[in-house]
Amino acid sequence: MINDELLKEEAQKLGVHLNYYAIDRFDVYAERLVRWNEHVNLTAITEPDDIVIKHFIDSLYPLRFIHMEKGKKLIDVGTGGGFPGLPLLIANPELEVNFVDSIGKKLGFIKDVLRNTGLIGQATHIRAEEIGRDAEHRESYDFATARAVAPLNVLCEYCLPLVKVGGFFVSLKGSTGNEELHQARTAIKTLGGALEQFEEYTLPNGDKRTLIIIKKISQTPTKYPRKSKKIDTRPL
């Protein structure tokens, strides 16, 4: 379905080598995405080349700056159609990935892709602020990722409590990333984080994007995350 050469070439520019199995899994992923999208709202992007560039390559962009080694644990918060978690798992099949979403149908899609690609991952139906207060998950992940879920100051409260000290929260944003980072500085500091990397970049189709990587340098105070209504109405 997708242009394999386009995917391989653009991934290579990021320093990501995709073997035959990875390319085949991306193809299956794209096919399942379009099919499921007919009855579950996963994405407005359905053209094959757009899926490659706007979803797959954008999701792989963090690998330019972060090495996700075998056995590292990643939690993809508000995963939706699986971005960026599924592309990162396809590129790194030995990652331990937990896909989290509050909408069960979207996790049904994630499970379908995992089953059809032979990949192993966990799909957890729970709200982000609830899993952040769960002792099993709190401060137990090497990486937390989120793409276009909420403003950065809100996302920090959802994601940083899940990251262990020394780990990273990786936020993939659109063109407003610089403004969002400015507004999130208090939240980052309060929740135990520090800015590690800020990158503005342009996708091959010309779309502007921002990558914000926050390192966890100290434990998150136990009162965070708050209830979702407080997070949304009174962000840090």
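Two rings of Phe, Tyr or Trp (for Trp, the six-membered ring) make an aromatic pair if their centres lie within 6.5 Å. With that in hand, here are some close-ups of this predicted model.

View 1. The structure has 10 aromatic pairs.

**View 2. An aromatic cluster.** Look here for F26, Y29, W36, F56, F83 and F109, which form one cluster.

**View 3. A lysine over a ring.** K73 lies over the face of Y141, 4.9 Å from the ring centre.

**View 4. The seven-stranded sheet.** This open sheet runs in the order β3-β2-β1-β4-β5-β7-β6, and its pairing is mixed. At the edges are β3 (122-125) and β6, each pairing on one side only. On average, neighbouring strands are turned by 20° against each other, ignoring direction.

**View 5. β1 next to β2.** Strand β2 (residues 96-101) pairs with β1 in the parallel sense, over 5 bridges. Here D76 stands opposite F99 of β2.

**View 6. Helices on the sheet.** α3 packs on the sheet and touches β4 (141-147), β5 (163-173), β6 and β7 (208-216), with its direction at about 150° to that of β4. Helix α7 (residues 152-159) lies across β1, β4, β5 and β7, and runs at about 145° to β5.

Key. Residues numbered from 1 in each chain as written. Predicted model: local features only at pLDDT ≥ 70, side-chain atom pairs only at ≥ 80, totals over all residues. Heavy atoms only, no water. Phe/Tyr/Trp six-rings, centres within 6.5 Å; stacked < 30°, edge-to-face > 60°. Lys NZ or Arg CZ within 6 Å of the ring centre and 35° of its normal. Pairing = 2+ DSSP bridges. Helix = DSSP H or I, 4+ residues; strand = E, 2+ residues; numbered from the N terminus. Axes fitted to C-alpha atoms, helices over the stretch in contact; angles between N-to-C directions. Contact = heavy atoms within 4.5 Å.
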